[in-house]
Amino acid sequence: MKRKILGIAPYEELNHSMHIISEQYPEVETTIYTADLVEGQTLAAELYTDGYDAIISRGGTAKLIRQVVSLPVIDVSLSIYDVLSSIRLAENYTNNFAIVGYPSITEKAHLLCDLLGYKIEIHTIDETLDADALLDTLVDKNYELILCDAITNRIAL
């Protein structure tokens, strides 16, 4: 029996990665869209009854999708290595940077900073935090670079 998976990628690069990986599994039928947060949640609510076995997404979008579907929602989470790589890359440009993101990012960043003794300002986004105001505050503090998730990046732009 062929499995049917719905992919809802919060950003285009993840959509591309999902397509590449799905090609390695011809026994799995995949349908992949790019939709972020509420848009992704709405799309999942509209499509999940179309015979899908599971939904794959990431971060805040996966969390919102779980609220409206009865299917398993698989969160493509970041690894500690991903976060460490981003910190190391940022250090090539400046030591004056902050990290902003949802808990899936900031929990790993806090763990790494505690283990490695890094003094990096880290802010966790949730439904109550005004990301625009937070970014303005970080600019006022003269941060040269902000490591963030796709949502925060879109707000910053």
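**Contacts, burial and helices**

User: Which residues does Thr94 touch, leaving out those up to four places away in sequence?
Analyst: A contact here means heavy atoms within 4.5 Å. With residues up to four places away in sequence not counted, Thr94 touches Glu144 and Leu145.

User: Before we go on, what kind of model is this, and what are the ground rules?
Analyst: Residues are numbered from 1 along each chain as its sequence is written, and side-chain values use heavy atoms, with hydrogens and water left out. This is a predicted model, where local features need pLDDT of at least 70, side-chain atom pairs count only at pLDDT 80 or more, and totals for chains, interfaces and linings use all residues.

User: Is Thr94 buried or exposed, and what is its relative accessible area?
Analyst: Thr94 sits in the loop between helix 4 and strand 5 (97-101). Buried means under 20% relative accessible area, exposed over 50%, and partly exposed in between, using a 1.4 Å probe and protein chains only. Thr94 counts as buried because its value is 11%.

User: With which side chain does the side chain of Thr94 make a polar contact?
Analyst: A polar contact is a pair of N or O atoms within 3.5 Å; within protein, one must be able to donate a hydrogen and the other to accept it, and residues adjacent in sequence count only if both atoms are side-chain atoms. For the side chain of Thr94, the contact is at 3.0 Å, and the partner is the side chain of Glu144.

User: How many helices and strands does the protein chain have?
Analyst: Helices (H or I, at least four residues) and strands (E, at least two) are DSSP runs, numbered from the N terminus. From that end, the elements run β-α-β-α-β-α-β-α-β-α-β-α-β-α. The protein chain has seven helices and seven strands.

User: Which residues does Ile87 touch, not counting residues up to four places away in sequence?
Analyst: Ile87 is in helix 4 (residues 80-91). Ile87 is buried because its relative accessible area is 0%. Its C-alpha atom is 8.9 Å from that of Ile99, twelve residues apart along the chain. With residues up to four places away not counted, Ile87 touches Phe97, Ile99, Leu112, Tyr118, Ile120 and Leu147.

User: How far apart are the end C-alpha atoms of helix 5 (residues 103-116)?
Analyst: The expected span of a helix is 1.5 Å times one less than its number of residues. Helix 5 has 14 residues, so it should span 20 Å. The model agrees: its end C-alpha atoms are 19 Å apart.
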